[in-house]
Amino acid sequence: SNNNYLEGNDGSNAGANAFEATFSAGNQFVGNLANGSNYGFWLGYSHSGNVIRDNQVRANNVNGIEIEHGQNNVIEGNEIVGNGGKGIVLRTDGVVHFPAEQFPCLMLPNQAASGGYTVRDNLIHNNLGNAIELIATTDSALVNNLVGGQIGGVGFASGSSNVWSIDPPQPGPN
């Protein structure tokens with residue numbers, strides 16, 4: 001499901017994910033409520049211009065926003081508060097799970113990678129895990145996020161060529 005614009009919706013209290021766009025490109029989620037589900041946003045394998053902007057992501061059982069094997073997406077201006085796990089998780093295990101010769105319709109740029117994110121202007125606090133966690137994620141910019149009150153820590157990153165306003169991330173303007 002590509003190139004959709006979802007604004008002003010309430011996906012709260014869903015049994016699994018308030019919003020999900022897997023194997024997708026160019027979707028925009030703007031000004032939505034993603035509260036009280038397992039995950040607020042799950043965008044596994046999503047790439048090429050997905051935007052998660054100005055959403056409320058509160059009190060989800062697991063993580064607020066998680067993107068597995070994603071590339072070139074924007075996460076900005078969100079309120080990510082009180083989730084049972086981490087605020088934002090961007091990750092890969094570095095393995096190709098859907099070979100292009102078997103799944104040509106997926107058109108994934110590099111399905112083993114995670115990178116090329118812009119994460120900015122988010123308010124992230126009081127989550128049980130890290131505010132932001134990058135696992136084997138590269139070439140991303142994490143700037144001007146306000147982080148505080150994290151129970152599990154402020155941030156964790158593995159990967160290379162990531163740019164943080166403050167490295168390592170710490171409470172306060174970031």
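**View 1. Tryptophan 42 stands opposite glutamate 66 in E7.** Welcome to a predicted model, in which local features need pLDDT of at least 70 and side-chain atom pairs count only at pLDDT 80 or more, while totals for chains, interfaces and linings use all residues. Residues are numbered from 1 along each chain as its sequence is written, and side-chain values use heavy atoms, with hydrogens and water left out. Strand E4 (residues 39–42) and E7 pair in the parallel sense over two bridges. Here, two strands pair if DSSP finds at least two bridges between them. Strands themselves are DSSP runs of E with at least two residues, helices are runs of H or I with at least four, and both are numbered from the N terminus.

**View 2. Strand E7 (residues 65–68) also runs parallel to strand E10 (residues 88–91).** Four bridges join E7 to E10. Look again at glutamate 66: its bridge partner in E10 is valine 89. Glutamate 68, in turn, stands opposite arginine 91 in E10. Both faces of E7 are covered, with Ile65 and Ile67 buried on one side and Glu66 and Glu68 buried on the other. Buried means under 20% relative accessible area, exposed means over 50%, and partly exposed lies in between (1.4 Å probe, protein chains only). In a regular strand the side chains alternate between the two faces of the sheet.

**View 3. Six strands line up in an open sheet.** Their order is E2-E4-E7-E10-E13-E16, with parallel pairing. At the edges are strand E2 (17–20) and strand E16 (155–157), each of which pairs on one side only. From one strand to the next, the twist averages 15°; axes are lines fitted to C-alpha atoms, and angles run from 0 to 180 degrees between N-to-C directions.

**View 4. Phenylalanine 41 belongs to the largest nonpolar core.** This core has 25 residues, and those with the most contacts inside it are Phe41, Ile52, Ile75, Ile88 and Leu90. The elements that give two or more residues to this core are E2, E7, E10 and strand E13 (132–135). A nonpolar core is a set of buried Ala, Val, Leu, Ile, Met, Phe, Trp, Tyr and Cys residues joined through side-chain atoms within 4.5 Å. Leaving aside its neighbours within four places in sequence, phenylalanine 41 is in contact (heavy atoms within 4.5 Å) with Phe19, Phe29, Ala34, Ile52, Asn55, Val57, Gly64, Ile65 and Glu66.

**View 5. Phenylalanine 23 has a positive phi although it is not a glycine.** Its phi is about 55°, and its place is in the loop between E2 and strand E3 (28–30). Phenylalanine 23 counts as partly exposed because its relative accessibility is 24%. Most residues other than glycine have a negative phi.

**View 6. Aspartate 139 has a positive phi too, without being a glycine.** The value is about 50°. Aspartate 139 lies in the loop between E13 and strand E14 (141–143).

**Stepping back. The protein comes to zero helices and 18 strands.** Of its 174 residues, 47% count as buried. The C-alpha atoms fill a box of roughly 45 × 35 × 20 Å, taken along the principal axes. Among contacts between residues at least 6 apart in sequence, 45% join residues at least 24 apart.
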